[in-house]
Structures are given as structure tokens and as C-alpha cells.
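Hi,

Here is the structure I promised to pass on.

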Amino acid sequence: QGQLDHLSQELLLATLPRFCARHRHLHLVDLSSALSVYAKSFREPYAQLFDACRSNIVERSEPSRLARSELHRSEFIWHMPFILVSYAQAGCDCRDVFDATLPFFEEHLPDIPY
């Protein structure tokens, strides 16, 4: 088990630079999955991924962007809560992420299926 954990940590560290550089190209479902994996096995070096994604998540949360695309709004409703959970699990400084996303969820609470 210890060897498996060590190997997992090495793989996460090896892929970290690529995720930090390319996260903007991921769909929310894929970003959610990646952040979830890093959050569940969180180590201090992983904070750079959460920091790298912050501004993009804030951009994706802009009301004008959510209003002009039903697909983006639907993906946001389904996947952003899991991204928020990942940020909370990682314990990173992410007030801007929560400040950008929570007003939408407060306003659209009846639209959230879970």
C-alpha cells in the first residue's frame, strides 16, 4: 500500500505542471475530476494547481457568460459544486472562487438537481 501511495504521489507531481498550464482548455467536468484527485491526496505542492485555476474559475462564473450559453450554465450547475468541494478539501486560500460562484447558486437554488 505504501508503494502504491508513493507512486500515486509521483504521478500527481509529474502531471502537475501540465495541468497548471493547460487547465483553461478543460471542460468543467474534467477540471472537476482533476481537482478532486489532487484535493483528496493533497500535499503542499498541489496548491499551485488550485492557485492556477482560480482566475479561470472566476471568469467561468461571470454572470454574462452564464447568461449567454445554456450549455455553459448547465455544466456550471452540475460540476461547479464539486470544484468548490475540492477547493474546500484542499484548504487553499480561495475566497475569490467562492465569492464568484456562490451568488449564482444562491439565486438559482431551485435549478440545482441535488
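Of the contacts between residues at least 6 apart in sequence, 71% join residues at least 24 apart, a contact being heavy atoms within 4.5 Å. Do keep in mind that this is a predicted model, where local features need pLDDT of at least 70, side-chain atom pairs count only at pLDDT 80 or more, and totals for chains, interfaces and linings use all residues. Residues are numbered from 1 along each chain as its sequence is written, and side-chain values use heavy atoms, with hydrogens and water left out.

On the overall build: the protein has 6 helices and 0 strands, where helices (H or I, at least four residues) and strands (E, at least two) are DSSP runs numbered from the N terminus. Its radius of gyration, taken over C-alpha atoms, is 15 Å, close to the 13 Å that the globule rule gives for 114 residues, so the protein is as compact as a globular protein of that length. That rule is 2.2 Å times the number of residues to the power 0.38. The C-alpha trace spans about 45 × 25 × 25 Å along its principal axes.

Now the inside. Buried residues make up 39% of the 114; buried means under 20% relative accessible area, exposed over 50%, and partly exposed in between (1.4 Å probe, protein chains only). The largest nonpolar core has 28 residues, and L35, F50, I57, M80, I83 and Y87 have the most contacts inside it. Such a core is a set of buried Ala, Val, Leu, Ile, Met, Phe, Trp, Tyr and Cys residues joined through side-chain atoms within 4.5 Å. At least two of its residues come from each of α1 (2-22), α2 (28-40), α3 (47-60), α5 and α6 (95-107), with α5 giving the most, 7 residues. Leaving aside residues up to four places away in sequence, M80 touches L28, I57, S61, E75, T101 and F105.

N56 sits in helix α3 and counts as buried because its relative accessibility is 4%. With the sequence neighbours up to four places away not counted, N56 touches H23 and R24.

And the outside? F82, in helix α5 (residues 70-90), counts as partly exposed because its relative accessibility is 44%. Together with W78 and Y114, F82 forms a nonpolar patch on the surface, with about 350 Å² of accessible area. Areas come from the Shrake-Rupley method with a 1.4 Å probe, and for residues only the protein chains shown count as cover.

Cheers

Terms used: Patches are made of residues with over 30% relative accessible area and no salt bridge: like charges are joined within 9 Å, nonpolar side chains (Val, Leu, Ile, Met, Phe, Trp, Tyr) within 5 Å. A salt bridge is a side-chain nitrogen of Lys or Arg within 4 Å of a carboxyl oxygen of Asp or Glu.
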